[in-house]
Amino acid sequence: MGRQSLRGGILLLATLVCLLRGEKLRSCEDARKLFQLRQLGPVKGLPETPRSGADLQVCTSKNLTCCTKKMEERYQMVVKEDIQQVLQTSSSTLKFLISHNAAAFQETFEMLIKQAENYTSMLFCSTYKNMALEAATAVQEFFTELGLFVFGIDISTEELVNRFFDTLFPIVYNHLINPGLKDTSLEYSECIRMSRRVVSPFGNVPKIVMGQMGRSVLSSRTFLQALNLGIEVINTTDHLPFSKDCSRALLRMQYCPHCQGVALSKPCIGYCLNVIRGCLANMAEIDFHWRGYIQSLEELSSAMHGTYDIEHALLNFHSLVNDALTQARIYGPKVIQQVNKICGHPLRKPTLSPVWSPDQNKDSQGMKMSTRDSEETLTNRRKEFVNSLRLFKTFYGGLADHLCINELAAADGLACWNGEDVKSYTHRVVGNGIKAQSANPEVKVKGTDPVISQIIDKLKHIIQRLQGKSFPKQEKRGLLQTGSGGSMDEQVSGDCDDEDGCGGSGTEEVKRVQQITGWMPDKTNLSDIKQIHQTDGGSNLDTTGAGCTGMAAYMTFTLISVVTLLLSLW
């Protein structure tokens, strides 16, 4: 009895559906209203009653239709906008996650560089006052160029460190090592500068700085570039043009039901999957490389500690500079001998300048880094970001399924559109990717889109860089070699191994200095920036230590901000 009642109910429901559908087909009022609601064009000229659809190219049917050729053309245009809107909505959380963190990391790097410059300037202002004015330009140039490297300008960090210590040597020589020298010629000062790599007055400190800066800054630069590429990938796929066959399939799936008076019927899940997997077949090809991209970001992020930690490297820089100056002072007599051998004795006016010694009382005033928890803000932020990004590892591989299940297709058990009528979908459902589409009954896919191929190539390249595989060994840049003539490197440094302290204060954590194997781009001419520094930088400094770093920091980050803006616009 119960079964007979159930069967009777089903038959009655089917009869009502048919009657309602027949009632709808007597009028095109619903199709007209939906067309007007979507603001697709004027209602005038639209059919009021069903008509023959002989002129239609996509929404063809054996039955009468409520669509005209013009309506079909309008639907063809709007369906592309619809699917792009759905794609952009689906990727909006991922895009915001990457872009927001890219901006936050860039801001943090700028802040760390500024803070490191302030620490270094204060070192000279408080401990080496009589050098502060002359050293200001070297400090400004170093951090300006360092910032430009982090944000994309090709500058060799090795040469950057060498130039800093080269420029610093004549200043240190005149004020700290041999303070009796006054009014030396420019030629003699240049000779002192050129001799720095032979004399090695700063011991092994420049090598330590090269190691720390080369690793940490390059890692941070690569990390930031990877995030920017992630944004580019999403922007590209959000606006990827669809093929003609895909557009026709989308039209048939989304708007042809309007023509048959069943506008409220969503596509069947299998039908939707075939259409969307066909349309997004090229995007699905990104899946493997997108997974590798996120995995490589995770691995690099995990490795960014110790000598790979930009926070440690930057905020420890002033301590290493202090170590360098201390070593230069301790081994001053031997340095003087080496310089005299190379450059000869300078022509000078005799002076009664007293031998200078650093103010040890002021060495610690304002110079100690603020106590920081071992789990620093930058590390935590990076960890949180990577953990959030990991959730999107399968984004491109599961995009078609996500769109159909959550946005486009009818829920299980509901009547659905199969491309021709409100009936179940009986065709085989194909998989993701271009190869799987050969059996797709709804969409024909010809081959890989050149734009997707380009994006994949970029992902491959950044993955190699994130993994450190595309960084060729650093070419030797003509560093002056020393013989057995006793350079300072032989006396106070040598290779830094497990038994070496690698310097004084600030270098306790550095137990081993490895040769830099990271990619170093060619030297870039920054003479314009240097000219700005030489013109404006030094005049604002005061050797008393008051306001010693204000203009330095302002100039550095004005320049970095301008160049970063130009890069983003380019």
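Select Thr 127 to start. In this predicted model, Thr 127 counts as buried because its relative accessibility is 3%, below the 20% cut-off. Thr 127 sits in the loop that links H3 to helix H4 (129-150). Show its side chain: a polar contact runs from there to the side chain of Ser 126, at 3.4 Å.

Now select helix H3, residues 69-126. H3 holds 58 residues. From first C-alpha to last, H3 reaches 82 Å, close to the 86 Å expected at 1.5 Å a residue. Where does H3 bend? Go to Ser 91, where the bend is about 45°.

Next, the largest nonpolar core, a set of 135 residues. Colour Phe 124, Ile 276, Trp 290 and Tyr 293, the members that touch the most others. Which element gives this core its largest share? That is H3, with 20 residues.

Stay with Tyr 293 and show its contacts, leaving aside neighbours within four places in sequence. Tyr 293 is in contact with Ala 226, Leu 227 and Gly 230, among others. Its contacts also include Leu 459, Ile 462, Ile 463 and Leu 466.

Last stop: Ser 200. Ser 200 lies in the loop between helix H6 (186-199) and helix H7 (205-238). Is Ser 200 buried or exposed? Ser 200 counts as buried, because its relative accessibility is 8%. Check the backbone too. Phi of Ser 200 is near 50°, a positive value in a residue other than glycine. Most residues other than glycine have a negative phi.

Key
Residues numbered from 1 in each chain as written. Predicted model: local features only at pLDDT ≥ 70, side-chain atom pairs only at ≥ 80, totals over all residues. Heavy atoms only, no water. Helix = DSSP H or I, 4+ residues; strand = E, 2+ residues; numbered from the N terminus. Expected span 1.5 Å × (residues − 1). Bend = angle between axes of the 7 residues up to and from the residue. Core = buried A, V, L, I, M, F, W, Y, C linked by side-chain atoms within 4.5 Å. Buried < 20%, exposed > 50% of the residue type's maximum accessible area, 1.4 Å probe, protein only. Contact = heavy atoms within 4.5 Å. Polar contact = N/O pair within 3.5 Å; in protein donor to acceptor, adjacent residues only side chain to side chain.
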